Amino acid sequence: MTTIAHWVNNEPYAGGSGSTSPVTNPATGAVTGEVALADARDAQHVIAAAAAAFPAWRDASLARRTAVLFRFRELLDARKDELAAIITAEHGKVLSDALGEVARGQEVVEFACGIPHLLKGGFSENASTSVDVSSLRQPLGVAAVISPFNFPAMVPMWFFPVAIAAGNTVVLKPSEKDPSASLWLARLWAEAGLPAGVFNVLQGDKVAVDELLTNPAVKAVSFVGSTPIARSVYTTATAHGKRVQALGGAKNHAVVLPDADLDLAADSMVNAGFGSAGERCMAISAVVTVGSVADELVARIAERATKIRTGDGTRGTDMGPLVTKAHRDKVKAYVDQAETDGAKLVVDGRQVRPEGEPDGFWLGPTLLDHVRTDMSCYTDEIFGPVLSVLRVETYEEALALVNANPYGNGTAIFTNDGGAARKFRNEVEVGMVGINVPIPVPVAYYSFGGWKNSLFGDTHAHGTEGVHFFTRGKVVTTRWPDPSQGGVNLGFPRNT
Ligand code: NAD
């Protein structure tokens, strides 16, 4: 049994709350550790360390900052298997998927290595006679990153490499369900030579978050989690004068047109629906079939879904368990309800029991057909290995269905018709769109973010929007006095 502490000034910090929460291996059901839960005083201690480290880190040269980032990137690349194993042990996703998560986070570290270029300002000589104007971007101070359970390494890495590269200091508050990845990353930063106090970890729950949202030393909040919490984080933190990007939940649709390559579409639905047991914010959970395509597509998805091997992610399986027993039971209840509501259960994952692991939090791939938009399996974000098929007759109906959904994180269209794909790209009200690509997570030099109830705030993660989020602009107007000019003039300055 390990104790998972906070991390401050490049060393573990036990905190004084005395309160902990159990951490479980979802494949075995065994409690493997206890994570500290911060009280307000613990949180204040961590935030104060980050605030104290800010002036020196802000003033560290770009060369020094990027040297640390490059070292961090090299260490991460060399030791990614260790991190993947930690993720699988606490989250449950299979090892190959955990490695994929690390790789997508590493992309952002690589993007942040280019910070000298990204922070270059503008300069206008002689904006007015003998007056020059320049612009620069400066760091904010302490940035809080509050992350969900489903990507314990990648989601924090959407933010902290850019925040740190830009000269901020960071307090990461990971999910209490899988907190160990954060400490591994913190140790790696220390090894890479990051000065004490620049990257800190605060373990905990709502109590810790509340302090981050209200403490005056915290200047920016990057949150990722469910929509109700994202909305409340946005409201509270903005009311306390902070800039906030709060990414929320999702219900991602894949529209399949009659001319689509059905094998590609079926493979994509299975990969995007059941990968990571559906616990991805970009998972496809609703398949919208247009016209005649439905029966054949459902048959091909079912054929593939029944072959998926569910089991312990360290043993070469395709799909791991759900993160907790409570979450597994909740997802299962959605399947029960869908059956009661009249959905057709084509593949039933409720009976799946991997051999040798009786206490894991299992639910096999589940395929529901003839789902209606008023059923709870459609209206709610299930966040499990459950694919719902909705049948419509036309493209217009499919588009209207997607656009009527309150979430707008990701979507995809499957078709061989470039004109239809282009129309969809233009008309769909969703932040990230895939054309024959099921999980269109943008590469690091673009920005990640949804629309509507999937993001509160107006700045997406990483890419140039990330750089803007973690910096503020300053414009400097300069004149070096010429003794021949001068005199009092109360008029508004004009360019001459
Ligand atoms: P969650 O909302 O339960 O928790 C997210 C974070 O908020 C955690 O750090 C948690 O400790 C904290 N938290 C929980 N309750 C809180 C409260 N009442 N007040 C303040 N903080 C609180 O989310 P989760 O279950 O960990 O993650 C799954 C959710 O995250 C899904 O809805 C998923 O769609 C979403 N998600 C979204 C994206 C995206 O990019 N939009 C990415 C990943 C996950």
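Mentor: One definition before anything else: two strands pair if DSSP finds at least two bridges between them. Also keep in mind that this is a predicted model.
Trainee: OK. Which residue in β7 stands opposite Gly122?
Mentor: Ser135 is the one opposite Gly122.
Trainee: And what is the bridge partner of Ser124 in β7?
Mentor: Val133 is the partner of Ser124.
Trainee: How many bridges join β6 to β7?
Mentor: Four, and the two strands run antiparallel, with β7 covering residues 131-139.
Trainee: What sits between β6 and β7?
Mentor: Two residues, as the strands form a hairpin. Ser130 is in the turn and has a positive phi of about 65°.
Trainee: What is the strand order in the sheet with β6?
Mentor: The order is β6-β7-β23, an open sheet of three strands with antiparallel pairing. β6 (122-128) and β23 (471-479) are the edge strands, each pairing on one side only. From one strand to the next, the twist averages 25°.
Trainee: How many bridges do β7 and β23 pair over?
Mentor: Nine, in the antiparallel sense.
Trainee: How do β1 and β5 run, parallel or antiparallel?
Mentor: Parallel, joined by three bridges, with β5 spanning residues 31-36. Thr3 has Glu34 in β5 as its bridge partner.
Trainee: Why does Asn10 count as partly exposed?
Mentor: Asn10 has 19 other C-beta atoms within 10 Å. A residue is buried at 20 or more and exposed at 12 or fewer, so a count in between is partly exposed.
Trainee: And what about the phi of His370?
Mentor: The phi of His370 is near 55°, also a positive value in a residue other than glycine. His370 lies in the loop between β16 (366-369) and α13 (376-379). With 16 other C-beta atoms within 10 Å, His370 is partly exposed.
Trainee: On to the ligand. How many residues surround the ligand?
Mentor: There are 27, and the closest are Pro148, Gly225, Ser226, Gly249 and Cys281.
Trainee: What is the make-up of that shell by class?
Mentor: The shell has 12 nonpolar, 10 polar and five charged residues.
Trainee: Which domains does the shell draw on?
Mentor: Domain 1 (2-248 + 454-476) and domain 2 (252-435) each supply at least three residues.
Trainee: Last one. What does UniProt list for residues 18-476?
Mentor: The unreviewed UniProt entry lists them as "domain: Aldehyde dehydrogenase". Over that range the chain is 42% helix and 22% strand, and the end C-alpha atoms are 50 Å apart.

Definitions and conventions
Residues numbered from 1 in each chain as written. Predicted model: local features only at pLDDT ≥ 70, side-chain atom pairs only at ≥ 80, totals over all residues. Near = placed C-beta within 6 Å. Nonpolar A, V, L, I, M, F, W, Y, C, P; charged D, E, K, R; others polar. Domains from an automatic or database assignment. Axes fitted to C-alpha atoms, helices over the stretch in contact; angles between N-to-C directions. UniProt positions renumbered as here; feature names shortened; annotations may be inferred.
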